[in-house]
Structures are given as structure tokens and as C-alpha cells.
Amino acid sequence: AAAAAAAPLSTISTSAAVARVAPAGIPPATGSGAGFGSGLHRRHFAASPRKDAVRGRGGSSGRQNIEDVEAELDLFEDTLKSPSSAASGRPPATATGTPSTGTQTDGQSETTVETVTPPPRQMQTPPSPAKGKRENVDDPTLMAGKQKEVKEEVREELDIPKILKWLEGLYSTSLQAASPKTPPELTKDEDARVKRALVEPSLDERLAILQQVSKLASLEGFGKFGTYLLFFLEEFHTCLGALRDGETIEKRANDLRKVLLSFHHAKLNSDRLRSIYQHIAQDFPEFEVAGALLPLTPAVELCHTMLATGLSAPGAVTVLLRSALREPLVDIADDAQELRLLKMIEMLIRLDHLHTQGELPADVTEYLSVIRDLRFYDRELRRDTSLSYQLAFFLRKHNFPCKRQMLGPYPLKICDPEERINFEPVEVRSYKRNLSETPLARKVRHLEAVGWRTFQVPADYWETLQTYDDKAAYVRGILKENDLLTY
């Protein structure tokens, strides 16, 4: 016992001091109970029936040896816990997590001590973001930025002014080509670009592309460009719903008018246009109930376009005319453009759209009858040209009345209202190409429908008559052929 007490602490390994002495047959303590300050080794050692195996078979000497070892271990624990242990130069306790073996001798027997040092508890720290790590694609800010970049890339690819200029070049080149005209063959990339331009950009840009494509489709032999208009119409129906943010019912009416005019110029009529008619007949009243009232001017312009082009339906015409009749007619000037369009609408319904006239409600029919009797004055009625002035002069020589009168929306500069005879001076004027009916042809047709006879005098032929006698003979010949001479 004295020898064991005199043994230096250096003979006990550091790992053996950190762990607890475990007798043979008892597993070493692990976990939180294996540290210093716990009495785990004491309880196990005192309860073990083989505690004398540490010091041999001796009873009292073995108990003394055990108490000495425990005293040394307690002293070593207190030394490590005290702040002065670092200054004493003693080696600090280490935890390697590996078993170690130590041997003690007291001159009579040896004690084998097995120790197990528990591994240090690892602290879990959040991984630091690595350099160049992939961004979180679920971040809404990043997603919005990427979508904006994609839209900008698409915008760069679809240079709308460049596409419009290219289409105008195709139209000019095809227009100047000799007949028969051969439509240009578009490559696969050009075809895809035109289709995307009719679908992806803003609605105003899409309508600009549509109008330019309709010019190409209006040329003779260029009917294949009409497929682009049908392609546009397939996607356009998605815009026929509730008014978008910032959109007015007036702009919606103007956009629909552009679409109908494009189809008219391309000489294309499709059953798919019924979605537009239904949209006007069903959705426009709901817009007005919600407070978005359609003004007189866009309502009259859209209604006139539908009737003049033949792309109309009775329900849509009724809705537009009801929007127009909200405004009192006394507020409209006698020479206003809106009144001229109303006069034209009344004549178109009465002469060209008898089916629509039969389905109009009573209030709209009464409104059209008021429009028909309303006075309208066209300033062109008093503006004479060289042709109208000279023609009236030679007709008066043959006792023709040569009066001025308004008939519906049409000014008649040289006419006989009693006999319903009209001399129409046809000035040199250019109209849009490939119109199904020019304004002059429609005027003559409407006059004939209400019982008037019209004699056209072209300005280009009149200019070929150089002398006074030639012009007088020309006028006399017209009157004689139609039995209009009074002497």
C-alpha cells in the first residue's frame, strides 16, 4: 500500500486517467456517465464480486489498494478541473475515442486498466455557401428576373419594326412585279417568325403585323397569306373576355374594327369570326352595366365597318346602335362625320341587310327612321372642280336643271330631283387595291336601288376633249342616247 501510494502519477497514462477503471468482465463505461465527477466506476467497482482480481487474492490489501487508486484518480480529476492545471505543466486530458491499456505495479502484482475515451461531440455547423454554387431556382425574385431575361431575349429576336419593314418590302416588290404575280416563298424560319409575331408581342404590335400581312393576302394569287390571318384568329379569341387592366371599351371596339378590316382587305371570311360577333353582342352590354359606356364615335365606326364589309351579325349591330342612341341627336352637328356614318348605316341596313333589318328591335328601328329624316350636309356639295363646273355649263345649254341635293349620305352636285337623274363627275382618285366595291360603285348602286339614274363622266376622258365643240357634242350625245333632250 505504501509503494502504491508512493508511485508517481506519471506512471498512469493520461487516457487511463480520463476514463474510469473497469474491472474484468464489466464493459467500460461510455457516454455521458464516463466523464470525471461521476461515481459510475465506484458503483461498479464496489458491487463487483471480482474486485479482488485487481490486487490478487488478498482481501484487506486489495481493498486498501483500491482506495489508494481511487484517491489518486480523485486528486487527478480535481487537478484537471482547477484553472491552475494549465500552468502546472501537466498534459491536458485528451479524448481520442480509441481504447488504451495501462499497467500499474506495486511490487507484488500488476493491475491492468482498460480505458475507453469517448469521442468528442461534434458540433453541426451550417455549411457555408460554396463559391459558384447554383442559385435557388425557387426564389420568386430570381424566377421573375429569369422570366424577364427570357422575354427580353424573345423581344430581341422579334424585332417588330424590322419585321414590319420586311413585310412592306415584300408587298412593294410583289406589287411592282409583272403579272401574273408569283407569291414569295418564305423559309421555315421566316414562316415561324411571322407566326410568332402574330402571337407573342403586345396586341397593338400584333395588329400592325396583321394589317401588313392582310395587304399581301389581298394581292391576286397570294391567298396562302390568308392562313396567317386564321392563325392570328385562333389566338385572338383569348383576348375576347373581360377588359384588361388599363383597357377601355373604346379601345376594344377599335381593335375589333382593325381585325375586321384586315379580313375584309384580304377578301377572307371565316366562321371563326362569329366569336367576335358574339363577344360584341354578349360582353359589351355587360361592360356597360359595369359602368364602361361605349361612346358614340367608336360605336358608329365599328357598326359601319361591320355593315360595309359584310362581316356582321344582327345581335352585334343591335348592341352598337343602342350604344349610339344614348346620345341625343340634337348634340350632333349637321355636317358631323358621325351623322354621315349614321346615314350610311341606315341606308346599308335598308338596302343591303334586309335580314338584319327584320331582326332589329322596335327602339332601334325607330331610331333609324329618325336618322333617315334628319338633315345632313356634306361640304363637298358646294365644292366645284373644273369637270363639275364645265359639265354643268354644257348641261344648262340643253335646259337640264343642274341642281344640288343631298340623298342620304351622298352629295349630288348635278341632278334633277324631279326626274331622279344624276350626272356624276368622276374625278381621278385612287382607292385601296382589290376592294370588293369602291365607294363610287356603292353610291351608284344605292342610287339605282332607290330609283335614280346615274350617268358617269370620267375626268380623264373629259380632258381629252380639247375644243368647246367636242365637249358640247359629248354632252349632247349622252342626252340624246337617253332621251333627255327637251327640244
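**The sheet and its surroundings**

Author: Let's begin with helix H18 (residues 439-449), which lies across E3, E4, E5 and E6 and runs at about 60° to E4. Helices (H or I, at least four residues) and strands (E, at least two) are DSSP runs, numbered from the N terminus. Contact here means heavy atoms within 4.5 Å, while angles run from 0 to 180 degrees between the N-to-C directions of axes, lines fitted to C-alpha atoms, for helices over the stretch in contact.

Please keep in mind that this is a predicted model: local features need pLDDT of at least 70, and side-chain atom pairs count only at pLDDT 80 or more, but totals for chains, interfaces and linings use all residues. Residues are numbered from 1 along each chain as its sequence is written, and side-chain values use heavy atoms, leaving out hydrogens and water.

Another helix, H17 (residues 386-397), lies across E4, E5 and E6, at about 145° to E5.

Now for the sheet itself. This open sheet has four strands in the order E3-E4-E5-E6, with mixed pairing; two strands pair if DSSP finds at least two bridges between them. Strands E3 (403-407) and E6 (453-458) stand at the edges with a single partner strand each, so one side of each has no neighbour in the sheet. From one strand to the next, the twist averages 40°.

Follow the chain from E3 into E4 and you meet an antiparallel pair joined by four bridges. Gln-405, for example, has Leu-412 of E4 as its bridge partner. The two strands form a hairpin with two residues between them, and Gly-408 in the turn has a positive phi of about 65°.

Next, E4 (residues 410-416) pairs with E5 (residues 421-426), again in the antiparallel sense, over three bridges. Ile-414 stands opposite Phe-423 in E5, and Asp-416 faces Ile-421 of that strand. Their hairpin has four residues between the strands, with Arg-420 at a positive phi near 55°.

How enclosed is E4? Seven of its seven residues are buried (under 20% relative accessible area, with exposed over 50% and partly exposed in between, 1.4 Å probe, protein chains only), so E4 is largely enclosed by the rest of the structure. Cys-415 has 0% relative accessibility and therefore counts as buried.

The whole structure contains zero disulfides (pairs of cysteine sulfur atoms within 2.5 Å). For Cys-415, the nearest cysteine sulfur is that of Cys-402, 8.9 Å away.
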